[in-house]
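Visitor: I would like to learn how to read a structure like this one. Could we go through it feature by feature?

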Amino acid sequence: MSDFLPHPFWNFSLELYAGEGVAEACLDLQERRGCDVNILLFCCWLGASGRPTLTADRLRSILAASDAWQSEVVKPLREMRRRLKDNVWPGALPETVDAVRRRVADAELAAEHAEQLKLASLHSPSPDRERPPEKRLRAAVGNLGVYAVCLGVVPDDKDRKAVAALMRATFPALAPPEVAEAVGLAA
């Protein structure tokens, strides 16, 4: 990862994704709802950094710019990595297949990084470092709500629980009941 261009969004994403329950929540939303994990992380980053909530029109234009990269680069790499992991390859040495899978995983990570740099270049208003954490939480939840609208998803409790995991990791200083209330979970 040392050859990746540094960026606050990328650094935030690495830290957040390593948080308790975040990877599982992101992958659940990716599998069940067709979410782009980078967009989920982007919505969190914008809110956490004190930036204003995205409008649906603005997010749709961002999605239009990132969808081709996702569908033509990231998803094929992900599918190849999964095929290498899940299938038996007669005649191939398992350690050789594993080495190829690791290289494909590295390429997938590099493609995700490139997408994040693109996302940040498309929409990165100045952060408001003085914005209170409660307002940042509402902005992040609002961004994810706008994303759900753009995807045509009506969030259910499973979605809210996944978003709550993202918000608890994004805003660890806030009390879990405050996060639960912000995402619409019953206390």
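Visitor: What should I know about the model before going on?
Guide: This is a predicted model, in which local features need pLDDT of at least 70 and side-chain atom pairs count only at pLDDT 80 or more, while totals for chains, interfaces and linings use all residues. Residues are numbered from 1 along each chain as its sequence is written, and side-chain values use heavy atoms, with hydrogens and water left out.

Visitor: Which residues of α7 are buried?
Guide: Buried means under 20% relative accessible area, exposed means over 50%, and partly exposed is in between, with a 1.4 Å probe and protein chains only. In α7 the buried residues are Asp-159, Ala-162, Val-163, Ala-164, Ala-165, Leu-166, Met-167 and Thr-170. An α-helix has 3.6 residues a turn, so residues three or four places apart point the same way.

Visitor: What do the buried residues of α7 pack against?
Guide: Contact means heavy atoms within 4.5 Å. The partners of these α7 residues are α1, α2, α3, α6 and α8 (176-183). The α2 side can be followed through Ala-25, which has its place in that helix. Ala-25 is in contact with Ala-162 and Ala-165, leaving aside neighbours within four places in sequence. Ala-25 counts as buried because its relative accessibility is 6%.

Visitor: What is found at the start of α7?
Guide: A polar contact is a pair of N or O atoms within 3.5 Å; within protein, one must be able to donate a hydrogen and the other to accept it, and residues adjacent in sequence count only if both atoms are side-chain atoms. Here a side-chain oxygen of Asp-156 comes within 3.1 Å of the backbone nitrogen of Lys-158.

Visitor: What follows α7 in the chain?
Guide: The loop between α7 and α8 holds Leu-174. With 10% relative accessibility, Leu-174 counts as buried. Apart from neighbours within four places in sequence, Leu-174 is in contact with Pro-133, Glu-134, Leu-137 and Val-179.

Visitor: How many of the residues of α3 are buried?
Guide: In α3, 12 of the 12 residues are buried, so this helix is largely enclosed by the rest of the structure. Its cover includes α1 (8-17), α2 (22-33), α4 (56-86), α5 (94-122), α6 (133-151) and α7 (157-170). The length of α3 (residues 37-48) can be checked too: its 12 residues should span 16 Å, and the end C-alpha atoms are 16 Å apart, which agrees.

Visitor: How many disulfides does the count come to?
Guide: A disulfide is a covalent bond between the sulfur atoms of two cysteines. The rule asks for a pair of cysteine sulfur atoms within 2.5 Å, and the count comes to 0. The sulfur of Cys-26 has its closest cysteine sulfur in Cys-44, 7.1 Å away, too far for a bond. Cys-35 is in no disulfide either, as the nearest cysteine sulfur, that of Cys-26, is 8.8 Å away.

Visitor: Which aromatic residues form a cluster?
Guide: Rings of Phe, Tyr and Trp (its six-membered ring) pair if their centres lie within 6.5 Å; planes under 30 degrees apart count as stacked, over 60 as edge-to-face and the rest as tilted. The whole structure has 3 aromatic pairs. Phe-9, Phe-42 and Trp-45 are linked into a cluster by ring pairs.

Visitor: What sits over the ring of Trp-45?
Guide: A charge sits over a ring if NZ of Lys or CZ of Arg is within 6 Å of the ring centre and within 35 degrees of the ring normal. For Trp-45 this is the charged end of Arg-51, 4.4 Å from the ring centre.

Definitions and conventions:
Helices (H or I, at least four residues) and strands (E, at least two) are DSSP runs, numbered from the N terminus. The expected span of a helix is 1.5 Å times one less than its number of residues.
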